[in-house]
Amino acid sequence: MSGYLVWGLILLLLIGGTLFLRYRYPEGSSGRRRMKWGFWALVILIVGLFLNYTLPSHDVVRITNTYNRLTTVSWENAWAYASPDTGTGEGTQTRDIRFIEAVHDDDSVVVFRNEDTGWVWPPYFKYDSSNLHAEASNLRSDKAAPQWVMVTYYGWRLPILSIYPNAVKVRAVDSADATVLPWVNILILTALALLILMLRRMWLQFRERTIDPVVEDAGDFLEGIDAQADAARAQARGWWGRFIAWINTWRQKPRP
Amino acid sequence: MIAILRLLLFAFIGLSVFYLLLGAYWRSLRREALEKQWDAAPPDGQGAAERNAFIAKGMEAYERGLKKKLLWLVYVIPMGLIVIIAYVQNYQ
């Protein structure tokens, strides 16, 4: 089955489920209140997982092997690989991918893939996989004389989906306890938080200056028509109602 | 090569949307500040026409001011970041 079809079906299911829950638990019911909590928890979880996947992480390892092998990528794990046109990819199903095998100080193992990100997501703009592979091969060492390496990577190792974190940088370090201050992450998260605050203030300003005056006008106009006034004011509550009222000002006004 | 052109195209579209939104937001802030400045101490015997003229004059000064020019950083900073990231990532 094609990947687009599967993800399309999943999206349809999500939309259908949302609509069903919307009508099953009307505004004001206790189910709706719990649903709102659940919704925001889910949003935070998804954003958190997304950032956890995308932002750079660091790991101190000893590189034991570097190689490439033909790897089959299909719909369930294609999202964790480079898009086919960024370098090593030949077909959409099977491609030759470079891997870096490594062990931690406590003998637990980790396998990185080494793929170009190209000019698409995530924005590492990495197109030096071959050089990185040469550096990683140069830093190979055995247990007797370990050469510890700080690997910068993003992504997850999930064996059940056959996905691997993508190494973006390797750097020789003195000991297995080396640490690094994640200043890139600090910068990105700070910028994101500032951007969200900024967008919120922009929205509030737009509402205060553009939508609210319109709603007040509409309220004044409807004062005379008792029956409709209540319904309109009820509708004008909430940001969606205000937005609709603003849209309605584009319509031709009835003559008094 | 097509991929980098595609990135630039989509970045340009996205940044243009943000440029317009931020521009409208700053204009709105400036206009609100001018209105408040006038309403806090309206000169005697002057009405709506003088108020509108005062605001129009203030907005004209804003359109020529430094802040309006700084709005171009919306394009400059992300494009600069792309170049810096690509350089740090790929060259030692």
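Is Phe125(A) buried or exposed, going by the other C-beta atoms within 10 Å? Phe125(A) is buried, because 24 other C-beta atoms lie within 10 Å. The term buried applies to a residue with 20 or more other C-beta atoms within 10 Å of its own, exposed to one with 12 or fewer, and partly exposed to one in between, with C-beta atoms placed from the backbone.

The structure is a predicted model, in which local features need pLDDT of at least 70 and side-chain atom pairs count only at pLDDT 80 or more, while totals for chains, interfaces and linings use all residues. Residues are numbered from 1 along each chain as its sequence is written, and chains are lettered from A and ligands numbered from 1 in the order in which they are written.

Chain A contains six helices and five strands. The order of elements in chain A, starting at the N terminus, is α-α-β-β-β-α-β-β-α-α-α. Of the 256 residues in chain A, 16% are classed as buried. Among the contacts in chain A with a separation of 6 or more, 62% come from residues 24 or more positions apart; a contact requires C-beta atoms, placed from the backbone, to lie within 7 Å.

Strand 1 (residues 57-72) and strand 2 (residues 94-103) of chain A run antiparallel and are joined by ten bridges. Pairing of two strands requires at least two bridges found by DSSP. In this pair, Arg62(A) is opposite Val103(A) of strand 2. Strand 2 also pairs with strand 3 (residues 109-114) of chain A, in the antiparallel sense and over six bridges, and Glu101(A) is opposite Val111(A) of strand 3. Strands 2 and 3 of chain A form a hairpin with five residues between them.

Most residues other than glycine have a negative phi. Asp107(A), in the turn of the hairpin, has a positive phi of about 70°. Asp107(A) counts as exposed, because it has 8 C-beta neighbours inside 10 Å. Phe125(A) also has a positive phi, near 50°, and lies in the loop between strand 3 and helix 3 (129-138) of chain A.

Between the chains, 15 residues of chain A contact 13 residues of chain B. On the chain A side, helix 4 (residues 183-222) gives the most, with three residues. This side has eight nonpolar, three polar and four charged residues. Nonpolar covers Ala, Val, Leu, Ile, Met, Phe, Trp, Tyr, Cys and Pro, charged covers Asp, Glu, Lys and Arg, and polar covers the others, including Gly.

Conventions
Helices (H or I, at least four residues) and strands (E, at least two) are DSSP runs, numbered from the N terminus. Two residues are in contact if their C-beta atoms, placed from the backbone, lie within 7 Å.
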